[in-house]
Amino acid sequence: MTTPYPFTALVGQDDLRLALLLNAVSPAVGGVLVRGEKGTAKSTAVRALSALLPAVDVVAGCRFSCDPAAPDPRCPDGPHETGPGVRRDARMVELPVGASEDRLVGALDIERALADGVKAFEPGLLADAHRGILYVDEVNLLHDHLVDLLLDAAAMGASYVEREGVSVRHAARFLLVGTMNPEEGELRPQLLDRFGLTVEVAASREPEQRVQVVKRRLAYDDDPEGFTARWAAEEAEVRERIAAARALLPHVRLGDGALTRIAATCAAFEVDGMRADIVMARTATALAAWAGRTDVLAEDVRQAALLALPHRRRRNPFDAPGLDEDKLDETLDEFGPDDPEPDGPDDPDDGGPDGGGPGGGGGQPRQDGPPQDGEQRDGEQRDGQPQDSAESPSSQTPEGPAGAPAAGGAQEQRAVSAGEPFRTKMLSVPGLGEGAAGRRSRARTEHGRTTGAVRPRGALTKLHLAATVRAAAPHQRARGRSGRGLVVRRDDLRQATREGREGNLVLFVVDASGSMAARQRMGAVKGAVLSLLLDAYQRRDKVGLVTFRGAGAEVALPPTSSVDTAAARLATLPTGGRTPLAAGLLTAHEVLRVERLRDPARRPLMVVVTDGRATGGPEPVKLAGRAAGLHAAEGTASVVVDCESGMVRLGLAGQLAGQLGGSAVTLEELRADAIAGLVKDVQGTNQTRRRAA
């Protein structure tokens, strides 16, 4: 078994360590979401924490880790009698990104349930994590319905599994920790709100601290057991402090003054709902217990706000999480003095940075600790910032300072701000897909309305009860049925087929040439693309961005789930130069070709934003038509957003839409109140094209 890296040997990351320790003291805080770049010790810190949790007593043979002093009366393995039980270490269970619903919550043996009336239940990861830690790496890449199930169990302290009227319930209380890299996509605000605390982590920019990280890591890799032994005293100290804080927690008093400051803070920052107030109250109480006090102070409320509110401040997907600390201090100063003098240690250093209290991140070791130690890494080699685009140098357009001649002879314009976004109606890909769950196009999915039944190819997950009964009914006499129960064999079982919605790859191909450079016009174009990006975020799509101007095209953003990154690229998009429409379409074709190899189940929708003009190079119009024909031949669903304006319109965007086999829509028609017929037009055009083929 691998020796975990010592928690007290971590360098920096004070907020991360404090948030984890507070949840170890009081799991009711609601877990931690850790946001940050790769290689910042997120996974290392979580694994290290598991070694600090006190051991737990469990009922011998119980698969659900019931406490022998107070066994769960509804435990599927029960009933249990009170007794001494068996002591074991607290578990840390990891939920992989590709896990199924049955692996998470457990599975019922449907065949035995129907034939014998027996609730044969195989526990899932939620049962394994009971009274321990459940760690979800890349939680933002989990399907939404799995995140919902996970957070529901964490909030209720129990998991419910229901299959065709057969129900099983078991306790599931655990410390929930999720990690994510925001570059790979955000969680929906509703799911963000379900995490109690959120911390942002980043690699230190201080050379001395980075040197300490490397030294400790190298020492750990050379001799894990010896390295861990050198930090054993610090580990034992923090372990005892967690146990003491847990014992003190029920005696901590949350006075009216502290409650008033909590309510005033949440109101001042216009946080939706009441969950933030409750989480702040629990966090402030845990902070007081961790500091060895029995009263909650203003400093506890302030620290609780810094951990519990930033991710609840987002008003739309493109808002960065954060909190105005000056405003926070003003609010706390405005509302009342502290409650009466607290009871607790008189040590002036208690709760400070060296003591690991609220100000110092908790559990921080002495920096003059074992000098020969080395530090953690997640096992990932940090090789600089990730590439933002996949284009080769030859495909990039040279960009000079604003006002300098761009390639193609026209003046490059400064980036203009996007117009006000608006609500759009749905654009969808025709046909029936089988991609990842989402909210855009029709698809066969695990969740949705039942449309039929088939024989299961593997493990049965969604029983079609009526079809199963119909398959078994003709054989009852031959199988010797004598009682009321139905004699069911495995060959009788039928899997329900369901239809729901999938997420697509929405690839934006944006004309940034000189013909689009009029400031009001480009602002309107960016506003339209931003509106479509918001729609893509809500429908759980992947997005990509190709721009063309001057001498060529570039991939401004390779396909990603991070819609807010696409919005940031859009905001800085300059304009100017000629209109290499063919280059833009060919670059988009290559992006889609690569994506089909990476994710063949995800169907693309290409949105071309242009006025339809093509200039630069020999026969630019003819080349653009040929490039459009490549997309039409492969059946790529396409929409052309016509940006042409003025009294005289050439209708070039409409011609391009015809060559792509898609439809054209003006900027005005993109709005929700004017777009009603667009989806029908897209589907009708593609159906006509398929019939012609």
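Me: What makes Lys327 count as lying over the face of Phe269 in this predicted model?

Reply: In this predicted model, Lys327 lies over the face of Phe269 at 5.0 Å from the ring centre.

Me: Which residue has its charged end over the ring of Trp290?

Reply: That residue is Arg241, whose charged end sits 4.1 Å from the centre of the Trp290 ring.

Me: Why is the pair of Tyr5 and Tyr220 called edge-to-face?

Reply: A search of the whole structure finds four aromatic pairs. In the pair of Tyr5 and Tyr220, the centres are 5.0 Å apart and the planes make an angle of 65°. Centres within 6.5 Å make a pair and planes over 60 degrees apart count as edge-to-face, so both terms apply.

Me: What parts does this pair of Tyr5 and Tyr220 tie together?

Reply: Tyr5 lies in the segment before helix 1 and Tyr220 in helix 8, so the pair ties together parts that are 215 residues apart in sequence.

Me: How do you know whether Tyr5 is buried or exposed?

Reply: Its relative accessible area is 5%. Buried means under 20%, and Tyr5 is therefore buried. Tyr220, with 8%, is buried too.

Me: Why is the pair of Tyr5 and Phe227 called tilted?

Reply: The planes of Tyr5 and Phe227 are 35° apart, with 5.2 Å centre to centre. An angle under 30 degrees would be stacked and one over 60 edge-to-face, so this pair is tilted.

Notes. Residues numbered from 1 in each chain as written. Predicted model: local features only at pLDDT ≥ 70, side-chain atom pairs only at ≥ 80, totals over all residues. Heavy atoms only, no water. Phe/Tyr/Trp six-rings, centres within 6.5 Å; stacked < 30°, edge-to-face > 60°. Helix = DSSP H or I, 4+ residues; strand = E, 2+ residues; numbered from the N terminus. Buried < 20%, exposed > 50% of the residue type's maximum accessible area, 1.4 Å probe, protein only. Lys NZ or Arg CZ within 6 Å of the ring centre and 35° of its normal.
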